[in-house]
Amino acid sequence: MARLVGIGDNVVDLNYTTGIAYPGGNCVNVAVFGGMLGHETAYVGKIAKDRWGEVILGAVREMGVDVSRCEIEEGETGRCGIHLADGDRRIVEENDAGLVKERPLQVTEDLLAYIRTFDVAHSSCYSHIENQLRRIKDAGVPLLYDFSDEWTEEVLRTVCPDISIAFFSGRDLPEKALEGYLRLCVEECGCMLAVTTIGGRGAIVYNGRKFYRKRPYNYGGAVVDTTGAGDSWITAFVCTFFDNRKYLELFVGNSEVSFMREEDFHDLEDCLIEHCMCQGNVLARKNCMVKGSFGYGVAFAEPE
């Protein structure tokens with residue numbers, strides 16, 4: 001199975017409506033979800049030497065993720081406050097991402113050698129290592145990057161040439177506009193795939209040849225917590241994608257003659273991407289029944 005490493009951010013989600021804090025962060029979540037799917041995973045990042053850093057590190061270790069390359073330093077864990085105001089959930093960054101942004105992780109030659117042992121790497125806009133993404137990609141490791149909803153056309157044009165797969169929230173934009181941004185990522189910036197998730201409208205994937213669409217499963221069903229749902233979707237998608245690419249390369253790459261037609265490869269790719277999106281739907285739907293991103297809640301205050 002494909003080996004996956006998350007490189008960058010971690011955060012603690014402080015839910016003031018319940019008084020419970022949960023470990024998380026985009027890169028932490030992807031590493032944890034990958035492990036849940038049976039993959040060998042690792043998380044590499046700056047961990048603050050405070051209460052919440054201990055909570056994150058302990059939870060991730062217990063989930064079976066390799067954290068041996070994490071750097072533990074003085075500083076504050078990034079805190080994300082969740083409040084309920086007039087029935088609406090309001091999310092507030094309390095300390096501007098803390099240590100992860102104050103002193104971002106540096107991708108050294110030693111760390112790069114470690115990253116090369118993985119089949120796919122993941123980072124995000126919350127990791128603040130944009131100036132180092134090219135080094136990871138040039139090391140020969142496919143790099144998934146999550147823009148979340150922190151993107152503009154200019155940001156896509158700047159970052160996408162340094163990554164392999166672009167993933168971003170489609171917000172409330174119309175699908176035609178999103179198709180244009182997906183085309184930009186692949187056709188102009190060189191990504192192998194571009195993916196956008198758009199809530200109840202599902203997800204759209206573009207591979208340079210066609211668009212693929214998938215509605216979410218049981219969208220109106222019961223929900224415990226949607227924290228981490230997008231991270232779980234992209235984890236299942238990318239793990240399934242690279243698992244199957246490895247099998248394809250094993251059989252096709254070792255063949256001295258071409259035994260499949262171009263249309264056969266296209267059909268295989270169509271089926272694969274469809275399957276990857278289905279897997280994303282399943283894990284995201286399951287994750288909506290978990291408190292926090294992946295549980296491990298710790299009481300920190302009286303509920304509001």
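A: In this predicted model, Glu269 is partly exposed, its relative accessible area being 27%. Its side chain meets that of Arg209 in a salt bridge, with 3.2 Å from N to O, and this pair links distant parts of the chain, since Glu269 lies in helix H9 (residues 262–287) while Arg209 lies in the loop between strand E13 (203–206) and E14, 60 residues apart. Arg209 likewise counts as partly exposed, at 32% relative accessibility.

A second salt bridge joins Arg213 and Glu179, whose closest N and O atoms are 2.4 Å apart. This pair, too, connects distant parts of the chain, with Arg213 in strand E14 (residues 211–214) and Glu179 in helix H7 (residues 175–188), 34 residues apart. Here the two partners fall into separate classes of accessibility: Arg213 is partly exposed, with a relative accessible area of 39%, whereas Glu179 counts as buried because its relative accessibility is 12% and the cut-off for buried is under 20%.

Arg261 and Glu263 also form a salt bridge, in which the closest N and O atoms are 3.4 Å apart; Glu263 counts as partly exposed, at 47% relative accessibility. Elsewhere, Lys46, Glu73, Glu102 and Arg103 are linked in a network of salt bridges. The structure holds 24 salt bridges, among them the pair of Glu269 and Arg209 and the pair of Arg213 and Glu179.

Definitions and conventions
Residues numbered from 1 in each chain as written. Predicted model: local features only at pLDDT ≥ 70, side-chain atom pairs only at ≥ 80, totals over all residues. Heavy atoms only, no water. Salt bridge = Lys/Arg side-chain N within 4 Å of Asp/Glu carboxyl O. Helix = DSSP H or I, 4+ residues; strand = E, 2+ residues; numbered from the N terminus. Buried < 20%, exposed > 50% of the residue type's maximum accessible area, 1.4 Å probe, protein only.
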